Amino acid sequence: MAGSGPMLEVKNISKNFGKVRALRSMSFELEKGKILGLVGDNGAGKSTLLKILSGDLQPSAGQIYLESKATRFKSPADAMKKGIAIAYQFLELVDIAKVWENFFMGRELTKRIGPLAFLDVQRMKYLTAEAIAKYGHTFDIEREVRELSGEQRQIIAVTRAIEANPEILLLDESFTLLSLDGRKDIVNFLGEVNKKIGITMIIVSHDLELIKTLSHYIMVLRAGEKMFFGHTDKISIDQIVKYMLP
Amino acid sequence: MKSARYLFGAVRAKSMEYYTWLLFIGIYLATGLFVPTLFIPATFLNVLVQGTTVGLLSIGMAFVMLVGEIDLSVVAVASFAPMAGILAWEIGLPVPAAILLTLLVGVGVGLFNGLLITKLRIPSLVQTCAMWWMLAGIVLVATRGMAKAGLPNSWMQLGRVFIGPIPLLVFFFIIVVSAAVIFARRTVTGRRLYLVGGNSEACSAMGIPVDRIRIIAFMTSGLFSALAGYALSARMGFVSARFAVEWLMPAIAAPVIAGLSLTGGRGNLINVVAGAYLVQLIVIVVRAGGVSGYSYEFVQGLLVFIAILVDTVRRRVTGL
Ligand SMILES: Nc1ncnc2c1ncn2[C@@H]1O[C@H](COP(=O)(O)OP(=O)(O)OP(=O)(O)O)[C@@H](O)[C@H]1O
Ligand SMILES: [Mg+2]
């Protein structure tokens with residue numbers, strides 16, 4: 001599989017919501033192990049693009065290729081199976097469920113007893129606590145998510161995506177609720193993970209400094225259209241802002 | 001000192017978790033002071049046995065409540081499913097197969113309800129109400145409004161056999177309810193019922209097949225309604241169009257009293273059993289008090305009203 005073209009290729013993807021054209025014939029490629037920083041003003045179409053890549057939305061037109069193979073993500077479960085994980089902009093947590101339940105929702109661990117599969121609750125709790133500690137946080141994984149701070153909630157959403165061990169990691173405004181230190185920690189961590197394991201990432205953020213330090217490539221969207229795609233070194237923050245604004 | 005306080009706290013937390021059982025036991029003992037027959041073992045066993053009907057119906061109802069829905073067709077399934085089994089037996093199906101058919105009919109009705117509710121987006125209140133009247137109507141036509149007696153002996157074993165002093169039905173109830181509890185607590189699908197009830201949009205975004213989970217909730221409800229109907233017919237020795245209908249309100253009240261949120265996502269099935277027995281106890285006491293059939297209807301309504309009051313107060317207190 002290796003060397004058989006880009007990890008991800010998006011070709012002429014469009015998405016309409018009624019009259020709203022959220023994405024207009026968007027195309028780009030991303031090599032394996034690279035981080036793409038995706039920026040644009042409110043309503044530019046960033047979340048829409050990520051939701052299409054995570055199977056949560058279907059494109060109105062266009063094609064997606066994974067390692068040069070034409071692919072359709074029929075549902076979030078389907079995308080997950082194909083190695084995509086996402087931390088949504090609006091977190092998508094079940095407030096009245098516990099931390100560890102949220103951490104493993106949709107990818108629950110089981111153990112077999114005879115022909116039956118039962119939840120491996122102990123292991124899920126252990127791994128959740130371990131993962132959270134790895135990112136420098138300690139909070140009770142038995143608590144219901146609604147009792148946690150915004151930062152803690154975001155940590156759950158982000159770490160559960162990373163810990164799903166995806167081929168492609170999608171992060172949509174995943175640092176907004178973090179403290180400055182928390183943000184630094186996770187950015188360092190993402191950089192490390194990317195170097196060590198070579199996860200391909202698309203990161204959406206309004207924090208252009210963060211995007212500049214973390215990404216290999218930058219793509220700027222404006223009103224559903226690609227205004228710029230190129231190496232991070234090839235564009236300054238001022239230029240990014242110019243592309244973003246009408 | 002500290003550890004003593006910790007222990008006390010832990011015990012209190014645990015006992016609060018099962019407060020419905022405390023409530024049931026407390027009210028049983030308290031009413032026993034006024035209705036001393038409650039302390040006679042035979043009466044106690046009678047409560048246990050009679051409670052199985054509302055118990056099974058409430059467990060079924062609890063599954064749909066977990067996903068934030070309701071199933072009004074449970075009492076109709078409880079007469080329609082065993083009726084189908086008995087009619088099939090009459091035209092030659094052996095009894096075990098007829099019992100299996102009864103359960104499959106229950107599951108099938110649940111599947112049908114679930115499909116219409118998820119795929120056509122019919123509110124469950126409307127869909128299951130329509131199903132209730134349809135099934136009740138079919139049974140009325142099939143029986144010309146008469147009770148169907150003359151059930152085969154082996155069909156009625158469940159309601160007649162004793163193991164020592166304890167009726168077989170009680171063991172059957174414990175086993176079936178344990179299976180339900182394990183399913184809800186220890187399986188992927190069971191846990192997902194809670195998650196879907198908590199926030200279905202987050203669930204579908206995270207790859208949980210929300211419609212399928214909802215449909216399974218209705219199928220489980222159908223299964224338990226059929227089990228309730230089968231057990232009731234085995235105990236009574238007949239099936240009729242209306243023989244479970246008086247248990248609809250109690251079957252809604254019991255899970256709510258047991259702390260299942262009406263909006264879904266919360267609740268412990270073990271408590272639902274206590275809620276069902278509590279409701280059963282109230283019904284028995286009211287009947288022992290010689291309340292007429294008419295005011296009995298009022299008592300049913302009152303039960304639901306109390307349940308909803310309890311649910312509201314609890315939500316105020318816990319902030320949910
Ligand atoms: N489900 C939807 N139904 C209708 N319109 C939608 C829907 N989702 C997004 N849109 C519209 O599509 C456009 C792009 O939205 P999108 O959420 O992708 O923007 P974004 O770049 O993520 O913005 P933000 O920075 O605010 O998160 C907007 O005009 C938005 O109103
Ligand atoms: Mg967005």
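Modeller: Donors are N, O and S atoms within 2.8 Å of the metal (3.2 Å for Na, K and Ca); water is not among the atoms, so sites may look incomplete. This is a predicted model, in which local features need pLDDT of at least 70 and side-chain atom pairs count only at pLDDT 80 or more, while totals for chains, interfaces and linings use all residues. Residues are numbered from 1 along each chain as its sequence is written, chains are lettered from A and ligands numbered from 1 in the order in which they are written, and side-chain values use heavy atoms, with hydrogens and water left out.

Biologist: Which protein donors does the magnesium ion (ligand 2) have?

Modeller: They are A:Ser47, through OG, and A:Gln89, through OE1, at 1.9 to 2.1 Å from the ion. A:Ser47 belongs to helix H1 of chain A and A:Gln89 to the loop between strand E6 (84–87) and helix H3 (99–103), so the pair ties together parts 42 residues apart in sequence. Helices (H or I, at least four residues) and strands (E, at least two) are DSSP runs, numbered from the N terminus.

Biologist: Which polar contacts does ligand 1 make through side chains?

Modeller: A polar contact is a pair of N or O atoms within 3.5 Å; within protein, one must be able to donate a hydrogen and the other to accept it, and residues adjacent in sequence count only if both atoms are side-chain atoms. A polar side-chain atom of A:Lys46 lies 2.8 Å from an oxygen atom of ligand 1, and one of A:Gln89 lies 2.9 Å from an oxygen atom of this ligand. Of the 640 Å² of accessible area that ligand 1 has on its own, the protein covers 61% (Shrake-Rupley method, 1.4 Å probe). Helix H1 (46–53) of chain A gives the most to the shell around ligand 1, with three residues.

Biologist: Is strand E9 of chain A mostly covered or mostly open?

Modeller: Buried means under 20% relative accessible area, exposed over 50%, and partly exposed in between (1.4 Å probe, protein chains only). In E9 (residues 168–172), five of five residues are buried. A:Ile168, A:Leu170 and A:Asp172 lie on one side, with A:Leu169 and A:Leu171 on the other.

Biologist: Which strands run parallel to E9(A)?

Modeller: Two strands pair if DSSP finds at least two bridges between them. Four bridges join E6(A) to E9(A), where A:Ala87 stands opposite A:Leu171. Five bridges join E9(A) to E10 (residues 200–204) of chain A, and there A:Ile202 is the bridge partner of A:Leu170.
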